[in-house]
Amino acid sequence: TDAFAMEFRMRTKNGKWKWLLGRGKVSQWDDNGKAVRMTGTNVDIDRRKRFENKIEFQAKLLNAVEQAVIATDPDGMITYWNPFAESLYGWKTDEVIGKNISDITVPELSGEQAHAIMDRLGDGQSWSGDFTVQKKDGSIFPALVHHTPILDDSGQMSGIIGISIDISDKKRMDQHLM
């Protein structure tokens, strides 16, 4: 092709590796159609690559957690749903991203409690406790839930992260011991 763009690593004078983005175009071809002269630029993208790797690692951590991890925007629209949330609730990620969390919960079971939780989160405080939740198939179960507000640089809530686990077995054991 006439133009190219590629990311590559190059060893620096001090022996360290650095990521670069090379962009350019062929300015001269030989009689056999082989590129003989190219012009272009190389841009240091090492910092960007480090951030990408860090974000990728953090995403892998969230995906590996054996607890449901769900993130929403301040209005309750789901922005993240980890694989364990899929197995716990029965909803696939692509079925819930962009939906409001209230569309997949049981309002009559959690409405009043949800308002108290939102008031606390709005004040920048976390909330933990038992919560009755519903699976996609309609069955309900008790969950231990921890909600934490995600605050922007000005201290305003820009989202909520919720972590939950099924505590049905614990509840049954507690009742059995009584």
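User: Which of the elements of the protein has the lowest mean pLDDT?

Analyst: The protein as a whole averages a pLDDT of 90, and 96% of the residues score at least 70. Among the elements, strand 5 (residues 78-81) has the highest mean, at 96. Where pLDDT is low, the predicted coordinates should not be read in detail. The lowest mean pLDDT, 74, belongs to helix 4 (residues 107-122).

User: Is T72 buried or exposed?

Analyst: T72 has its place in strand 4 (residues 68-72), and, leaving aside neighbours within four places in sequence, this residue is in contact with M77, I78, T79, I101, G159 and I160. A residue counts as buried when its relative accessible area is under 20%. The relative accessible area of T72 is 9%, and therefore T72 is buried.

User: Which element gives the largest share of the lining of the largest pocket?

Analyst: The largest pocket has a volume of about 610 Å³, and among its 31 lining residues the closest to the centre are I101, T105, A114, F131 and H147. Two or more lining residues come from each of strand 4, helix 4, strand 6 (127-134), strand 7 (140-151) and strand 8 (157-166). The largest share, 8 residues, is given by helix 4.

Definitions and conventions:
Residues are numbered from 1 along each chain as its sequence is written. This is a predicted model: local features need pLDDT of at least 70, side-chain atom pairs count only at pLDDT 80 or more; totals for chains, interfaces and linings use all residues. Side-chain values use heavy atoms; hydrogens and water are left out. pLDDT is the predictor's confidence in each residue, from 0 to 100. Helices (H or I, at least four residues) and strands (E, at least two) are DSSP runs, numbered from the N terminus. Buried means under 20% relative accessible area, exposed over 50%, partly exposed in between (1.4 Å probe, protein chains only). Contact means heavy atoms within 4.5 Å. On a 1 Å grid over the protein atoms alone, a cavity is a set of points where a 1.4 Å probe fits but cannot get out, and a pocket is an open set with protein on both sides within 12 Å along at least five of seven lines; lining residues have an atom within 4 Å of a point. Grid points are joined across faces, edges and corners, and a volume is the space filled by probe spheres set on the points.
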